[in-house]
Structure formats: C-alpha cells, structure tokens
Amino acid sequence: MPVPKQILVVDDEGIRDLMVMALSAIGYEVVSAGNGAAALERLATLQPTVILLDMLMPTMDGWAFAQAYEHLPKPHAPVIVMTAAHDAATWAAEIKADAYLAKPFHFADLYACIEHWANQG
Amino acid sequence: MTASAVRYLLQVGALAAVYAAAAKGGLLLATVGAQVTLVWPPAGLALAALLLGGPRLWPGVAFGATLVNASTGVPLATACGMGTGNTLEALTAVAMLRRFGFQPSLDRLRDVFALVALAAGLSPIASATIGVASLLLGGVLPLRNVATAWGTWWLGDALGDLVVAPLLLVLSKQPWRHLMARRAAEAAVLLVAMVVASVAVFGGWVGPRGSYLSLVYLIFPFALWATLQFGPPGAVLFTGLVSGFAIWGVVHVTGPFVHGTILRYNLLNTQVFMGVAAVTVLILAAAVAERERAAAGLRALQSITDTALAHLALTDLLPQVLNRVTTALAVDNTAILLISADEEAFVPYMARGPDEQVAGQVRIPLAPGLAGRIVVSRQPLVVDDLSTVEPGEAVTPFWRATTHALMGVPLVVDDRVIGVLQAGTRAPRHFTADEVRLLQLVADRIALAIDHARLYEAERQAHDEAVAAVQARDEFLSVAAHELKTPLTSLRGFAQLLLHAMKGESRIDAPSVRRALQHLDQQSIKLEGLVTQLLDLSRIEVGKLALDKQATDVTELVNAVAAAAQVETRLHTLVVHAPGPIVADIDPLRVEQVLVNLVNNAIKYSPDGGPIDLTVRPWADGVQVTVRDHGLGIAPEHQAHIFDRFYQAHAHSHRSGIGLGLHISRQIVDLHGGSITAAFPTDGGSYFVVTLPRGHTNGPTGDT
C-alpha cells in the first residue's frame, strides 16, 4: 500500500474536521494547524503535497504565513487559499498563491483542485 | 516746590525768552512806528508752543510779549495791553483748533484748512485789535495810521501762523527723521539746491535789483520737489527756508520783491507771496498724504481681500487675514470672535498677539462684553483706554490684561451679525475714524469669506461623515458576509460529505457521522446567533427593540450564564461573587444576551485562559454586574469606540465576530435605563460594568 500524500490544512477547527473526513475518504492524509504559526511548526517536520490556507486567522494570518513560508527552504508545496471573503482572488494574488477556493465550496471543486495540485509533476 | 512745578516754570521761562528773541527780530523790521511789523514769527511760536505744551504755558507768551513791547518805549499799560492781545491770540487759536480736532502733523486737508482759517485768519484779529487799541490809547499811534497798523499786525501774525507754526508742529510730530534718513541723500541734495536757488533769487545774483519779478517762479520746482517727495515735512521746510531768504533779500534791498526803497511795500510783496506759497504747499502736501493713506488703505484692503478669496478653509483663512490686518493697521493684537452656533457665546476663533494660545479653547459670554455691545448695536466701538472699562464689560479677560487701546467692528453677512473683528495696541493710541473705517471695510470683506468658509466646512464635514458612514456600512457588510459564510461552509461541507457517503461514493464510519452531525448542529446555532444579531441591529435602527420586563433574580441569571460558559471552556475559570438574590425588573432574555456577550468576549479575548470574575451587587437604586478578565484588553486608540456600531477593536487580528455585540448590549442596557462602561486596568484585561435600575419589583410577575 503506497504512503498517502499529505495535505496541510490551516484553518479553524470546524473546517479542519471537515477536511480530515472529506480528504481521507479519497485517500489523502490530512495534517492540520489552527493558524499560520502552528502551520510553520508543522512544516519543520513535514513535507505536505498541498497546503490549504485560510486567510483570516488569529495570531498569524495568511499573509504573514505566506511571507514566512517564502523564507523556508524549497521545494514548496502549492498553496491554495480558502476564504469566505469576497476578495479571495485578490488575496490569493497578493500572496502569490497557486489557486483559491471560495467558501462555501462544492465538494467536486475541492476534489478537482486537490487532485490537480497533488498529482502535478 | 515740586519737580513738576520747577519744570513748568522752566518751560514758561524758556518760552518767554524764545518769544522775546523772535519778537525782537521781527521788530527790527517794524514798519508802523517801532511796534508794528509785517514779520512776526512769535505768533507762530506761541501757537505751536501752546498746542504742543498745552494752554497752561500761556504766561510764557504773556511775559515775553509784554517785555518786548515794553522795550520799544511804550508806556507799561500799553505794553501790557499788547501782551494781552498776543496771549489771547494764541489761546483762542489753540481753543478753536482743539475744538476742531486739529492734528499737528498737518497730513490731513481739514487740519490745513483749520490752520489757515482759524489760526491764521481769525486769531490775529484779537491780537491786532487789542494791540492797535492799546497803542492808540497809549498815545503811541496816530489815529490816521490805525488801519495800516491793524492790517500790518494781522498779516504779520498770520504769516507767523502759516510759516513758523507749521514748521515747529510738523517737525515735532512727524516721523520726519525716518523719512529723511530713508532718503538722506535726496534730502541733502534738495536742501542744498533750495538754499542755492533761494540765495540766487532773493540775493540778487541773477539780474539787476527788482527787475525780474518772474525770477520768483524759479523756486516753484523746489516747492513741488520738497512737497511731493517729503510730504508735510518737506513743505514746511520749504516755506521756512524760502521765507527766511526772501525777508533776508528784502532787508538787504535785493531780489525780485524790491521795488524802490520803501521797506513796507517790499515786505508786503514778500509776505503776500509767502502766504500764498505756504498755503499752497501745505494743501498740496496734505492732499498727497491723504492720497497716499487712501492708497495704502486700498492696498491693505486689496491684500486682505486677496487673502480672503484665496483660502476656503477657516484654519487657513483666519490667520492669514489677521496677519494682514495686524500689518495694515500697525496694531499688536487682532482677534476674530465668531458667534457660536447656539448664538449664546463668542468663540475667539483666532487671535494674533500674546493671546494666540487662548484662541479656540474659550467661550466668551455674549451678553455683557464690549464685543456683545458691538453685536447688538452693529456699530464700531473704540476704546482709548481699556483699563477704564468696567471689568465685566471688558471684551475678554485676556485682552484686558495686554491691550490699552482697542477698536472693534461687527462682521455682518446678509444683515446677520456673525461675529466681531478687533484690533488693539499695547501702547496708548487713539484709533481715528479713518482707521475704524478701514477695519470696517476689512470686516465687510472677510465676513463673507468667513461665512463661505464655515458653510464649506460644514458641508465638507457632512460629506466626510456620509462617506465614513458608507464606508463603515460597506466594511460591515463584507465582515458580515464573511462571518455568515464561515458556518455555511461547514454546513455545506458536512452535508455534502454525508450525501457522498449515503450515495456510496465514499465510506464513512459511525463516529464520523456523529461528529459531522454535531458540527452541523453547532454551526446552525452559530448562524442563528448571527442572524439574531443582525435582526436586533435592524430593530434598534428603527427603534423597535422592545423589552419584556419581569421581576428577575439577577444573581441567578449571572450564575446560569457563567455555568453555561464554563461548560464550553477548560482554559478559563469563571467565578461568580454575589451576596445573594437581587431581584430587578428587567427583560431576562435581553439581559442574558448582554451577559453572554460580555462573558463570551472575556473568553474570546483571553486566549491563554485564566480567571474570569463576575460580581453582582446592589448599587444605589439598582443592581450592578461586573465582568473582569485578564486577557488582551483593548488598545487605547480603540477604547472610545468599542460600543460603536460595527466597531471591532480586534478587526486586524481576525478574531471572529461582526462587531455588533457590544453595540447591541449597550442599546439593551440603555433601554433599561441603565449604563454599561468599560475600563482597562493597567495590569491587563478588561473590566465591564453593567448597572441596571431595579424598577418596580413588587410582584413576582412584575409588569411588562
């Protein structure tokens, strides 16, 4: 049995729970963090295939996380911004994210997005 | 004897001596007997001395005149009579001129006309009449010479008033030294040229004696030069100098006025010429000075108007205008007092001078002050000495301390007084009608500008407020949308997850189904809470948030809220301090909403956990509930706004919420007639205090 690919979900508890269930159902392993700072801690020991990133978080928001992530050694996982704010596209462009998912999202879009970025290269 | 008495006696003595010397010189040229002369400089000397030093110096004139007259060999009684005439002449001239408001600088036409008509024209009548009568009575003057003697006397004295008096008056009053210093070279050239021309004309250098009367015209260019370039000082210097040389020429029997050898006729020629020349240059100089003042006033007015037009904002406009007014009127203090919106007080909008720092922070009652009088009368007001004004009457206490002379004019727009413009000096000064007129002209021009600036500012403020309101609403909508979508994301996500499993597209175990359903339930509750808040907000906005009051034990309510919150958190310890049941007539659901909001905030904003203390205690006629946490607190710049609609002190740290909780809480507490306040202790955290009146709590059901 192949080792499942890891997806790092950076968001609040409800969404993390949802992602664990939704993505493990299609064969991914979900690791999660409640904010940017916690995510950076996880990245010290993990090499996720994709990062799903909320923007508005306490302690360290998406912008600060993206800035810090840039300074970490490569290779970098693709970053997908997930936000309920109406300027999701702008924010994604601001932090040079690879894609964005506007909340609330349809599972088909979530799966398509994950499959695309996880199996790239 | 006091020092002032000594000084007075010295002044009188000096005046008598100078008067006698000048008179002696004049008498050398006596043409009617030894006592009556066409050249009588002491008349001008006496006039100038009594005008400048005050009529109380008259004994100097009386002594000098009587002494000189007695020295001509007339009986003492006659000399006394003549001396009386000379003294009365000077006193009547001074009295008439003072009554007329005469100013010795001779830079106004009215002053020149007064000098010519009252001093030179009328006052010598007294001297000539009394003097000639005295000579006649003393038997010194034959009856047939009376008319000639009277005419000679009158003309001699008049010339003294026209030539000598202006010279002394102007040179004592005008800032002529500055004028001369500024154009020293030109003044020197002019002086030398005048002397050379006078000597040439009156000394008989040009042409044979008396042959060319037209030579006199040679000195006219110098009259114009002196007058146009140097004003009244130039004019009086010219007449003094030329007059001296002309008489000197006649005495030496040379120059254009000498026709034959009869001194009387030659002097008469000279004096008529000098009289006309003196009047002409004095009038010319005064007219030029008036024009220059008017032009300077217009320039000042123009510059003030330009300033008024160039600025739209009051804060730019007023300091500029006051600077210009201060310069244009050469005053120390200026202020604009605008009537406040409630029309009850003045706001010293802007002041230049020592009181600058006071401006803008003070309200001055409209009623008792000088400025108030200006507003009521709509007339300018001039105060020569502010210290003579009743304390309650003073314009403002701070002006009183620093200002001696003051003038103020109303600022009128469309028949509506909007304030007062004032100018004052530290040194004594009498503000003339011209200066008051100029200030009023300035006021008329800036009043409109001020009014426009105020309208503009009000409009801009309204606009800014509208823009800010729209912006706040937009931000709120975007925050609200985000906050509503967050639970929706969970709802939709878990719903899809379960659907997928039901359709057999993925496998899901029983505990996961349970968790998913729990999330659905929780997020629904969260969504409901948000929607309720929005509904409450809209009820508040239209004033339809109603209370359902009933007798409620506040302690019980607080205990329930704390217990419910404690279930949700393990990090925090909620402790309730209460003396026992305290019943108040409140809407239990709404007050619970307030308490839940405060406790949730306390939990949310102390992310590291810790104690949260709630107290309940009787307070005056009511009950007080406090909530104290030891968390993040609120940054000082946000503290004033936390009860505002849509306000989120922690917006930038992305802690969830739509910024309505405290706003709605405050509205609920206000509806109860209570109060809610926040304090931020120095050791961190927040301290909220809710005070509610107990109301009527007679029955357990209470009223609604």
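## Helix packing and the A/B interface

Helices H5 and H6 of chain B cross in a right-handed sense. The model is predicted. H5(B) covers residues 109–137 and H6(B) covers residues 146–173. Their axes come within 8 Å and cross at roughly 140°. The contact of H5(B) with H6(B) takes in 18 nonpolar residues, five polar ones and two charged ones.

**Two further helix pairs in chain B**

H3(B), residues 58–70, packs on H4(B), residues 76–99. The angle is about 145° and the axes are 8 Å apart. H3(B) passes H4(B) in a right-handed crossing. Which residues meet here? From H3(B) come Trp58(B), Val61(B), Ala62(B), Ala65(B), Thr66(B), Asn69(B) and Ala70(B). From H4(B) come Ala79(B), Cys80(B), Met82(B), Gly83(B), Asn86(B), Thr87(B) and Leu91(B). Sorted by class, the contact of H3(B) with H4(B) holds nine nonpolar and five polar residues, with no charged ones.

H11(B), residues 314–329, packs against H14(B), residues 433–502. Here the axes lie 10 Å apart, at an angle of about 175°. The limit for roughly antiparallel is an angle over 145 degrees, so H11(B) runs roughly antiparallel to H14(B). On the H11(B) side, the contact residues are Leu314(B), Thr315(B), Leu317(B), Leu318(B), Val321(B), Val325(B) and Leu329(B). H14(B) contributes Glu435(B), Leu438(B), Leu439(B), Val442(B), Ile446(B), Ala449(B), Ile450(B), Ala453(B), Arg454(B) and Glu457(B). The contact of H11(B) with H14(B) has 13 nonpolar, one polar and three charged residues.

**Where the chains meet**

How much area do chain B and chain A bury between them? The value is about 2000 Å², with 65% of it on carbon and sulfur atoms. In the contact, 21 residues of chain B face 25 residues of chain A.

How many salt bridges cross the interface of chain B and chain A? The rule finds one. Arg515(B) and Asp17(A) form a salt bridge through their side chains, 2.7 Å from N to O. This pair links two helices: Arg515(B) sits in H15(B), residues 510–541, and Asp17(A) sits in H1(A), residues 13–24. Over all chains, the count comes to 13 salt bridges.

**Backbone exceptions**

Most residues other than glycine have a negative phi, and most peptide bonds are trans. Some places in this model depart from that pattern. Chain A has cis peptide bonds at Pro75(A) and at Pro104(A). The table sets out both.

| Cis peptide bond | Omega | Loop that holds the proline |
|---|---|---|
| Lys74(A) to Pro75(A) | about 5° | between helix H3 (62–70) and strand S4 (79–83) of chain A |
| Lys103(A) to Pro104(A) | about -10° | between strand S5 (99–102) and helix H5 (107–118) of chain A |

What is the phi of Ala330(B)? Its value is near 50°, which is positive in a residue other than glycine. Ala330(B) lies in the loop between H11 and strand S3 (333–339) of chain B. H11(B) is also the helix that packs with H14(B), and Leu329(B) is one of its contact residues.

Methods: Residues are numbered from 1 along each chain as its sequence is written. Chains are lettered from A and ligands numbered from 1 in the order in which they are written. This is a predicted model: local features need pLDDT of at least 70, side-chain atom pairs count only at pLDDT 80 or more; totals for chains, interfaces and linings use all residues. Side-chain values use heavy atoms; hydrogens and water are left out. Axes are lines fitted to C-alpha atoms, for helices over the stretch in contact, and angles run from 0 to 180 degrees between N-to-C directions. Helices (H or I, at least four residues) and strands (E, at least two) are DSSP runs, numbered from the N terminus. A crossing is left-handed if the near helix is turned anticlockwise from the far one by less than a right angle, and right-handed if clockwise. Ala, Val, Leu, Ile, Met, Phe, Trp, Tyr, Cys and Pro count as nonpolar, Asp, Glu, Lys and Arg as charged, and the others, Gly among them, as polar. Contact means heavy atoms within 4.5 Å. Buried area is the accessible area (1.4 Å probe) that two parts lose on being put together, summed over both. A salt bridge is a side-chain nitrogen of Lys or Arg within 4 Å of a carboxyl oxygen of Asp or Glu. Angles under 35 degrees count as roughly parallel, over 145 as roughly antiparallel, 65 to 115 as roughly perpendicular and the rest as oblique.
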